[in-house]
Amino acid sequence: MTDTSRQATFILQQTYGYPQFRGEQEAIIAHVASGGHAFVLMPTGGGKSLCYQIPSLMRPGVGIIVSPLIALMQDQVAAMQQLGIKAAAIHSGIESGEIGYIRRQLQENALDMLYVAPERLLMDDFLTLLDSTRIALFAIDEAHCVSQWGHDFRPHYTQLSLLAERFPNVPRIAMTATADAPTRKDIIERLQLKQGRHFVAGFDRPNIHYSILPRNNARQQLLQFIREKHAEDSGIVYCHSRGKTEETAAWLKEQGITALAYHAGMDSEARTRHQQRFLQEENIVMAATIAFGMGIHKPDVRFVAHMSIPKNIEAYYQETGRAGRDGLPASAIMFYGMGDAALQRSFIDDSTAPEPQKHIERQKLSALLGLCEAAGCRRQIMLNYFGDSGAPCGHCDNCNSAPETFDGTESARKALSCVYRTGQRFGAKYAIDVLIGKPDERMRQFGHDKVSTFGIGKEHSAQEWQSIFRQLVARHFLKVDSMGHGGLSITPEGFAFLKEKQNLQLRRITVKRKGLAQEKKYSSETQAPSDTGMFHALKAERLRLAKAQNLPPYVIFHDKTLHEMASQKPSSVAALRGISGVGEQKIRLYGEQFLAIIRQYAEETA
Ligand code: ADP
Ligand code: ZN
């Protein structure tokens with residue numbers, strides 16, 4: 001072990017209380033601590049923060065961390081302070097008196113780390129102050145914000161290229177979890193990291209269980225999922241509209257679940273309050289539009305549910321990635337219906353993007369629909385999409401209960417012909433009524449009760465036909481118009497299928513209850529077996545300590561640490577040191593309190 005590695009490991013164990021590094025952390029830290037530049041692509045929850053925090057502590061001077069979101073900075077600073085690290089933040093929410101104090105601390109070299117919003121960093125007087133400050137490194141968090149390709153472009157981020165020019169000898173480390181190639185390229189160019197080392201980890205989030213279900217009664221499906229799997233957990237429910245977030249939150253509340261809404265149309269005071277409650281409370285559900293989530297580092301979000309399809313696979317990966325940052329089992333569940341495709345398509349069609357861009361967006365949407373209707377491993381499909389390979393994961397709905405498939409050639413032909421015979425302008429429900437021979441006034445008026453496909457599909461129920469039509473849309477044999485009426489028409493691929501007489505395997509719709517039960521079993525197996533009673537007692541103590549200091553509970557200890565305490569039941573300070581996530585400062589601050597709970601609980605149940 002080199003001296004650098006030894007020092008890094010010492011800090012990891014003493015300050016953070018973690019026994020060992022994960023993945024490439026050690027290599028990244030050694031490289032940056034020795035003055036190198038780095039580009040780091042690591043999935044959410046992979047442990048990017050330590051990659052800049054430990055080198056900041058190792059190198060002389062202050063580590064400057066550029067971060068786009070205030071909530072995130074506050075959280076990180078609170079967590080650092082709990083570890084005994086001298087950290088501060090400068091952003092628009094900090095009063096000028098306090099900024100003055102922080103500036104003096106900078107001049108006196110009294111800070112280990114300073115989090116700063118990009119627009120503050122770029123101010124002339126701040127840069128001048130930095131000219132005379134000893135800087136350990138620049139860390140650029142959420143670095144995809146420099147890219148117009150990224151999902152969260154921030155114009156100020158592009159000006160960060162001046163860091164390389166003005167402070168050429170200070171190491172720069174840029175970090176992101178965003179997978180796509182154009183974004184990566186942009187980051188490396190803008191921040192001048194070509195000469196640095198690039199660390200690209202795989203994209204897998206093994207602790208997340210993925211499942212995707214056809215939507216029939218969204219609210220009941222959601223409720224069943226929460227009650228069966230996450231009754232005592234926090235989670236995010238993504239809805240496609242502002243109205244839906246409020247309806248969903250109100251409805252969950254009626255069902256006895258603590259739920260809040262969040263969307264960009266709320267006034268900023270209410271938004272901040274809801275976000276703050278989500279961070280600080282346990283067992284709370286946020287029904288939100290995608291305006292919520294970026295920079296939410298609540299590590300114990302146990303599930304992310306999508307009430308309709310997201311924009312594409314990148315967005316899905318990003319949004320579901322907010323679950324299980326702490327590495328404990330978490331779930332991602334999506335409920336989707338055929339109308340979703342039409343809605344997303346209309347967003348693309350109506351956008352002001354140039355046509356080639358729209359073309360790409362449509363392709364991405366069909367890749368997502370393919371994922372929804374896939375019969376194979378969900379994770380494998382997503383990882384393939386990002387250029388990673390792997391075997392079926394054994395930890396998604398399709399792996400847990402392989403969907404049955406059937407020869408759907410004949411059914412598909414019937415469905416396509418029916419769409420053709422009825423003039424390619426009606427929705428699936430209408431076509432299905434024609435297929436199963438269920439005429440109504442409108443059908444008679446158009447004479448569609450007389451077409452050759454009337455009543456030829458009695459072998460399937462209406463629900464089965466729904467599934468067949470969804471799969472035909474997903475395979476792009478049929479396309480849904482984007483006018484909002486859901487009218488179906490046959491694509492060139494659909495006509496080719498009719499002409500070339502290809503065989504087609506389709507998945508049979510299955511009732512998913514079995515999948516849920518199996519999934520539950522898997523989660524409890526992967527979780528350290530811990531004494532539930534004691535875990536709850538420890539959790540209560542953590543909440544009490546957190547409330548007293550107005551801090552989010554996870555800043556005191558993560559669930560993972562409490563689980564370990566509840567299974568190992570340490571009875572001394574020395575034994576407590578052996579628990580992952582218990583560093584020296586935490587022993588000083590909370591050691592006695594938690595040991596007392598463990599002792600007391602052990603006596604009561606002895
Ligand atoms: P990211 O920024 O990549 O999403 P974080 O830096 O927030 O991830 O780390 C995710 C979680 O993993 C945090 O709770 C962090 O404390 C924990 N963690 C990071 N590195 C280690 C490690 N070597 N051992 C144990 N836990 C770790
Ligand atoms: Zn799988």
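A residue counts as near a molecule if one of its heavy atoms lies within 4 Å of that molecule. Fifteen is the size of the set this gives for ligand 1: of these 15 residues, Y18, G45, K48, S49 and H558 come nearest.

The model is predicted, so local features need pLDDT of at least 70 and side-chain atom pairs pLDDT 80 or more, while totals for chains, interfaces and linings use all residues. Residues are numbered from 1 along each chain as its sequence is written, ligands are numbered from 1 in the order in which they are written, and side-chain values use heavy atoms, without hydrogens and water.

**Ligand 1**

The table lists polar contacts (pairs of N or O atoms within 3.5 Å).

| Side chain | Distance to an oxygen atom of ligand 1 |
|---|---|
| Y18 | 2.5 Å |
| S49 | 2.6 Å |
| H558 | 3.0 Å |

The protein covers 87% of the 560 Å² of accessible area that ligand 1 has on its own, by the Shrake-Rupley method with a 1.4 Å probe.

Buried means under 20% relative accessible area, exposed over 50%, and partly exposed in between (1.4 Å probe, protein chains only). C396 is buried because its relative accessibility is 0%, whereas C393, at 25%, is partly exposed.

Note on methods:
A polar contact is a pair of N or O atoms within 3.5 Å; within protein, one must be able to donate a hydrogen and the other to accept it, and residues adjacent in sequence count only if both atoms are side-chain atoms.
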